[in-house]
Amino acid sequence: MKLLSVQKLHKSFAGKTILSSVSFDLEAHKTLAVLGKSGCGKTTLLKMIAGLLDGSGEIQLNGNYVHTLPPQQRGIVYLYQEALLFPHLNVFENIAFGLRLRKMPEPALREKVDNMLEDLGLTTQARKMPTQLSGGQKQRVAFGRALIIEPRLLLLDEPFGNLDVETRANMQDFFKKMAQQQQITAMLVTHDLKEAVRMGDQLGYLDAGNLHIFDHLRDFIADPRTGMLAESAFWQSIQDAV
Amino acid sequence: MKKALLYSICALFALPFAYLALLSLATQWFYPALLPDGLTFVHWTGLHAGFFSALAYSGMLALTIGILSTLAGFLSAQYIAWHPWRRWALVLAYLPYAFSPVIYAHCIKFFFLVSNLAGQVTGVMLAQFILCYPFAFLLFFRHFDANLRAMEDLSATLGASRTATFFRVLLPVSKDALRLCFAQTFLISWFDYGLSSVIGLGQVRTLTVLTYQYIGEANTYLAAVTACMVCFPPLLLLWLNQRFVFRSETLQSETA
């Protein structure tokens with residue numbers, strides 16, 4: 001079932017085209033990973049879908065047009081590279097932020113946040129302030145804060161870019177597990193080839209404002225722009241040398 | 001050695017205040033005596049209504065300017081920080097600091113005379129606001145950086161309206177900056193002499209104006225009393241800032 005449908009999204013800044021008539025569909029409960037070099041318009045694409053940037057084109061979510069709605073009414077959460085935890089709130093209150101906005105009754109809110117903390121493996125950190133957490137823990141809280149309000153679509157803008165290699169791999173596994181468990185529909189942009197392949201059910205490549213969605217992984221591998229061939233040739237040459 | 005240096009710096013800092021306090025309590029104190037002949041409270045107990053009215057004017061002006069400048073600076077910086085014309089706003093905000101306050105006061109005096117605001121409390125208030133508001137704007141302009149903008153956007157995608165984002169995110173996150181800005185603008189107004197005397201035409205007698213008047217009259221002891229009162233709120237604010245702002249910063253860096 002199609003959850004997100006983007007049609008002819010166009011954006012230009014100071015006469016320079018950033019996105020040129022981008023169109024694609026995304027199935028429900030799937031993750032679309034979009035690969036692209038820095039400055040190719042990945043963030044612009046996500047921000048337009050989230051409603052944080054103006055532009056032309058149409059966006060449908062579950063068959064309803066949402067491109068005219070403000071960000072708070074779209075049911076789309078946009079996650080940044082930084083966890084951006086609210087510094088004045090502890091872990092529990094950061095996660096509860098969206099529920100408090102929705103005026104959820106206190107007992108139900110506590111139960112829901114406690115369950116989320118358990119899923120995140122952060123039960124013992126509930127009373128800690130953001131400055132007392134590690135990078136990986138912060139990112140987990142950011143995920144929890146987004147997932148707890150059950151968004152229709154989750155947009156991830158290089159969410160693990162600031163983490164070290166090991167924490168990054170752990171967070172990717174964690175996201176895959178949560179996405180499966182909570183039936184999340186997500187769109188992820190990254191410049192990390194491995195991350196895109198590892199996390200995406202569907203793969204795309206954004207170049208000079210044009211988005212190309214690949215039907216199969218083999219098409220993605222075969223396309224020289226993605227760098228997949230060069231990468232595997234590199235590792236093959238290392239292996240041959242050894 | 002470190003402690004001795006610290007105590008010396010503290011003593012240097014405290015010396016002028018101690019001297020003022022002693023002078024305000026002196027019966028007579030003439031050069032080259034190191035200490036006054038005797039101590040008395042007569043200068044403090046014999047204060048006339050003019051002193052209390054000056055204290056009230058200074059307090060009212062500083063409080064109003066502190067609150068208005070902080071609020072206006074915060075709100076306008078939030079709006080302008082990401083506006084395409086922000087560079088122009090920044091240039092305009094620096095303009096009042098191109099001159100010293102006294103020269104600046106003489107430059108704008110004509111407009112206050114024409115609009116009948118010279119010699120009025122509202123005139124002095126407006127002149128001080130014109131000086132303090134850009135200060136508050138500049139302080140908050142730097143505060144509304146890309147990180148805070150991203151936090152605002154994130155809050156919106158989590159479902160918060162503009163009002164909810166303002167009260168639940170922006171205000172609490174900006175608490176220290178707001179406190180600092182209020183303290184600074186309060187002090188600018190409290191210590192102001194140039195604008196108060198030039199725009200106030202001597203009719204708006206704030207504590208600083210009164211202090212200079214006593215100095216002009218060679219009334220050293222009463223000048224010391226009013227100077228003590230001029231120094232008291234800044235010392236209180238310094239102590240409060242040290243207690244709340246610096247302590248919270250230290251806590252944050254310790255836990256990071």
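How many bridges join S1(A) to S2(A)? I started my notebook there, and the count came to eight, with the two strands running antiparallel. One thing to keep in mind throughout: this is a predicted model.

S1(A) and S4(A) pair in the antiparallel sense, over five bridges. I noted two positions here: Leu4(A) stands opposite Leu61(A) in S4(A), and Gln7(A) stands opposite Glu58(A) in S4(A).

From S4(A), residues 56-61, I moved on to S5(A); this pair is antiparallel as well and has two bridges. I checked Gln60(A), whose bridge partner in S5(A) is Tyr65(A). S4(A) and S5(A) also make a hairpin with two residues between them, and in its turn Asn62(A) has a positive phi of about 55°.

Put together, I get an open sheet of four strands in the order S2-S1-S4-S5 (chain A), with antiparallel pairing. Which strands stand at the edges? They are S2 (16-27) and S5 (64-65) of chain A; each has a single partner strand, so one side of each is left without a neighbour in the sheet.

I then asked what lies across S1(A), S2(A) and S4(A). That is helix H1 of chain A, residues 42-50, which runs at about 120° to S1(A).

**Entry: the six-strand sheet of chain A**

I traced another open sheet, this one of six strands, and wrote its order down as S6-S7-S8-S3-S9-S10 (chain A), with mixed pairing. Its edge strands are S6 and S10 (210-214) of chain A, each pairing on one side only. On average, neighbouring strands in this sheet are turned by 20° against each other, direction ignored.

For a parallel pair I picked S3 (residues 31-35) and S8 (residues 186-190) of chain A, which share five bridges. Leu32(A) has Met187(A) in S8(A) as its bridge partner.

**Entry: nonpolar cores**

Met187(A) turned up again when I looked at the largest nonpolar core, which has 71 residues. Met187(A) is among the members that touch the most others, along with Val34(A), Ile49(A), Tyr78(A), Leu79(A), Leu154(A) and Leu155(A).

What does Leu155(A) touch, leaving aside its neighbours within four places in sequence? I listed Leu46(A), Ile49(A), Ala50(A), Ile76(A), Val77(A), Tyr78(A), Leu79(A) and Met187(A). A second, separate core has 51 residues, including Phe182(B), Leu195(B), Val225(B) and Met229(B).

**Entry: a loop residue**

I picked Ser134(A), in the loop between H3 (106-120) and H4 (135-147) of chain A. Buried or exposed, I wondered of Ser134(A)? Ser134(A) has 11 C-beta neighbours inside 10 Å, and 12 or fewer is the cut-off for exposed, so exposed is what I wrote down. I also took the C-alpha separation from Ser134(A) to Pro87(A), 47 residues apart along the chain, and got 14 Å.

**Entry: chain B**

How many helices and strands are there in chain B? I found 12 helices and zero strands. The C-alpha trace of chain B spans about 70 × 60 × 30 Å along its principal axes. Chain B has 256 residues, and 34% of them count as buried. I also checked its contacts between residues at least 6 apart in sequence: 71% of these join residues at least 24 apart.

I took H11 (residues 207-216) of chain B as a helix to check for burial. Its buried residues are Leu207(B), Thr208(B), Val209(B), Leu210(B) and Thr211(B). Just after H11(B), Ala218(B) takes a positive phi of about 60°.

**Entry: where the chains meet**

Last, I looked at the contact between the chains, to which chain A gives 21 residues and chain B gives 17 residues. Which elements give two or more residues to the chain A side? They are S6 (76-79) and H2 (91-101) of chain A. By class, I recorded 14 nonpolar, five polar and two charged residues on that side.

How values were computed
Residues numbered from 1 in each chain as written. Chains lettered and ligands numbered in written order. Predicted model: local features only at pLDDT ≥ 70, side-chain atom pairs only at ≥ 80, totals over all residues. Pairing = 2+ DSSP bridges. Contact = placed C-beta atoms within 7 Å. Axes fitted to C-alpha atoms, helices over the stretch in contact; angles between N-to-C directions. Nonpolar A, V, L, I, M, F, W, Y, C, P; charged D, E, K, R; others polar. Buried ≥ 20, exposed ≤ 12 C-beta atoms within 10 Å, placed from the backbone. Core = buried A, V, L, I, M, F, W, Y, C linked by C-beta atoms within 7 Å.
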